[in-house]
Amino acid sequence: MSVASTALLSGFRGRIQSRRVGQSTRRALWAYLFISPFYISFLVFGVFPIVFSFYLALTRWTPYQSTFIGAANFVNLLQDNLVHTALFNSLWLMVVIGGAQISLALVIALALNARKVRGREAFRGIFFLPYITSPVVLGLVWGVLFAYTGLLNYGLSRIGIEPVDWLGYASGSSTWIKPAIALVTVWQFFGWNVLLFAAGLQAIPSEIFEAARIDGATDWDVLVRITLPLLKRVSFFVVSITIIGSIQLFDAPLMLLGGVAGAGSGTLGGAESGGLTLAMVVYETAFSYGQFGYAAAISVLMFGVLVVLTAVNRRVFFRNLED
Amino acid sequence: MAVHMTYSRAAGRRGIVYALLLVSAFATIVPFYWEFVLASHMTGDIASTPPPVWIGSALLQNYRTLIEYAPHFWRSMLNSGVIAVGSTGVTIFFSALGGYAFARYRFPFKEQLFWVLLLTMLIPSQLGLIPWYIEMTHFGWANSFLPFIVPAVGNAFGTFWMRQYIASAVPQELFDAARIDGCGEFGTFWRIVLPLAAPAAGALAITSFIGGWNAFLGPLTLMSDPSMYTYPVALANLKGVHGTDTGALLVGSSIATLPMLIITIFGSRRIIDGLTAGALSGQ
């Protein structure tokens with residue numbers, strides 16, 4: 001082996017190496033090119049609106065001018081009865097909807113996952129349909145069902161129950177408005193929760209159940225000691241989306257209680273504002289009264305409520321750090 | 001005796017299982033059934049006692065009233081379709097592109113950038129409605145489809161979801177082969193990655209399509225021109241202005257429900273599997 005050929009070889013090696021470096025840099029640049037649309041779009045449409053909303057909340061902002069007013073919006077917020085009502089309504093709806101929807105969905109999911117159920121795919125399809133249907137359409141349809149002389153009351157009268165003034169139009173009382181909103185929302189989303197729980201149940205290996213049965217565990221033991229603990233992650237997810245969804249309720253209550261025409265008339269949310277949600281107040285404050293700064297402050301309040309509830313939820317589910 | 005008891009207990013349990021499923025399925029279907037049935041009755045008859053339970057003869061008349069009150073109804077369906085298809089196409093393309101880069105490329109700060117992406121999934125979108133509206137009007141995007149299509153470029157969940165699939169399901173050899181065959185970087189993505197990622201893209205497409213088709217709050221704030229309404233906005237306005245004409249409202253609702261009904265009947269199995277897997281993958 002001559003000196004010359006060694007030099008030649010090392011020269012080759014150098015070339016190969018520099019080519020590799022060049023190639024990996026070039027490939028990294030392609031990767032940056034491929035991911036940059038995401039980050040640019042996210043900055044423009046995701047980060048900016050959020051940062052801007054905290055600024056807006058500190059201003060008196062109308063479409064024509066903006067004035068920095070510090071915490072004044074938040075001071076007003078504390079004294080605003082409409083906001084208090086909406087916050088109460090939203091929390092009420094969250095608790096009732098969450099409780100009813102999740103327990104119902106869990107029971108139906110267990111039934112759907114029972115061995116040898118016929119027509120499982122048909123049931124899944126049926127439960128899926130309301131979830132993908134527009135809440136605006138469903139609000140409209142249920143508005144008809146809820147009418148004082150509507151189908152629901154007719155059905156109730158057949159089993160001897162007095163007609164219920166669901167939407168408060170007959171009596172001007174808000175007693176049944178929130179239950180009506182909760183009913184529609186549970187009806188729309190419990191099926192999706194069933195499907196999520198059923199997917200979670202499917203993921204549990206059947207050997208676990210068989211082993212428990214051989215060991216003589218009762219159905220109740222199996223449910224409480226095996227099934228529910230193994231559904232923990234799915235349950236956490238279901239509770240999370242229920243919290244987020246019910247605090248942000250807008251479409252269905254709006255449609256049940258009169259559609260967009262109610263906006264600006266001071267009657268949004270139905271009798272005694274019984275169906276007024278936080279999202280409706282945000283919408284009305286900004287788009288009927290043009291108070292964008294104040295509306296942003298209410299959004300920040302809503303955001304704060306969501307952050308607290310999400311943190312509590314995480315804490316309840318994952319108290320033990322081993323998860 | 002013991003055998004008999006076990007048998008009857010099992011039969012009883014099956015009875016409860018079917019009772020639960022049938023009652024909840026029935027309760028789910030009834031409002032849809034009545035939506036379609038009542039769409040064919042005059043408004044005056046809908047409130048009568050007992051209420052109609054079978055198809056009536058006023059469908060055409062209600063439809064004419066709907067078109068008279070909401071001349072842009074079909075246009076609004078088309079608008080919802082444009083938003084649904086446009087946002088879905090953009091979501092799929094850019095989610096797969098970003099997901100591919102994260103799955104198959106090595107580059108500085110990759111881990112950190114991916115963490116940022118995961119964190120963005122935790123931010124609730126609702127907070128942004130007011131500033132988002134102001135931003136869009138400043139862009140001159142009021143009464144335009146752009147606010148509902150362009151932001152789909154930055155779909156954090158979609159990018160995450162496509163990354164997971166491409167990393168696990170598309171074999172590395174295919175990329176090597178494509179590269180040897182002289183496909184460029186983008187060519188490899190377009191000709192190899194996109195077709196192979198179709199199963200994951202399908203679930204993402206359905207989520208995105210449903211979101212776009214049902215878009216309401218955003219269009220409600222930004223579309224002031226009735227010919228730019230999406231169908232939920234058109235229906236919400238109709239309810240506000242002609243809320244008493246239940247028949248016409250229900251014809252509109254029924255027409256808008258049909259696409260979802262068709263999706264459910266023909267594709268529910270794969271769609272549901274894809275969507276539940278997608279929803280639970282973020283955990």
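Among contacts in chain B between residues at least 6 apart in sequence, those joining residues at least 24 apart make up 76%; two residues are in contact if their C-beta atoms, placed from the backbone, lie within 7 Å. This is a predicted model, in which local features need pLDDT of at least 70 and side-chain atom pairs count only at pLDDT 80 or more, while totals for chains, interfaces and linings use all residues. Residues are numbered from 1 along each chain as its sequence is written, and chains are lettered from A and ligands numbered from 1 in the order in which they are written.

**Chain B: fold and dimensions**

- Chain B has 14 helices and zero strands, where helices (H or I, at least four residues) and strands (E, at least two) are DSSP runs numbered from the N terminus.
- Along the principal axes, the C-alpha atoms of chain B fill a box of roughly 75 × 75 × 35 Å.
- Of the 283 residues of chain B, 44% are buried, that is, have 20 or more other C-beta atoms within 10 Å of their own C-beta, with C-beta atoms placed from the backbone.

**Domains**

- Domain bounds come from an automatic or database domain assignment.
- Chain A is assigned domain 1 (3-56) and domain 2 (75-317), with C-alpha centres 46 Å apart.
- Chain B is divided into domain 1 (2-64) and domain 2 (70-243), and the C-alpha centres of these two lie 36 Å apart.

**Helix pair α4(B) and α10(B)**

- Helix α4 (residues 73-104) of chain B and helix α10 (residues 185-196) of chain B have axes that come within 11 Å and cross at roughly 95°.
- Axes are lines fitted to C-alpha atoms, for helices over the stretch in contact, and angles run from 0 to 180 degrees between N-to-C directions.
- α4(B) and α10(B) are therefore roughly perpendicular to each other, a term that covers 65 to 115 degrees.
- From α4(B), B:A96, B:L97 and B:Y100 meet B:F189, B:V193 and B:L194 of α10(B).
- The residues of this contact are six nonpolar, no polar and no charged (nonpolar: Ala, Val, Leu, Ile, Met, Phe, Trp, Tyr, Cys and Pro; charged: Asp, Glu, Lys and Arg; polar: the others, Gly among them).

**Interface of chains A and B**

- 75 residues of chain A contact 75 residues of chain B.
- On the side of chain A that touches chain B, helix α1 (residues 3-56) of chain A gives the most, with 19 residues.
- That side of chain A divides into 58 nonpolar, 12 polar and five charged residues.

Key
Buried ≥ 20, exposed ≤ 12 C-beta atoms within 10 Å, placed from the backbone. Parallel < 35°, antiparallel > 145°, perpendicular 65-115°, else oblique.
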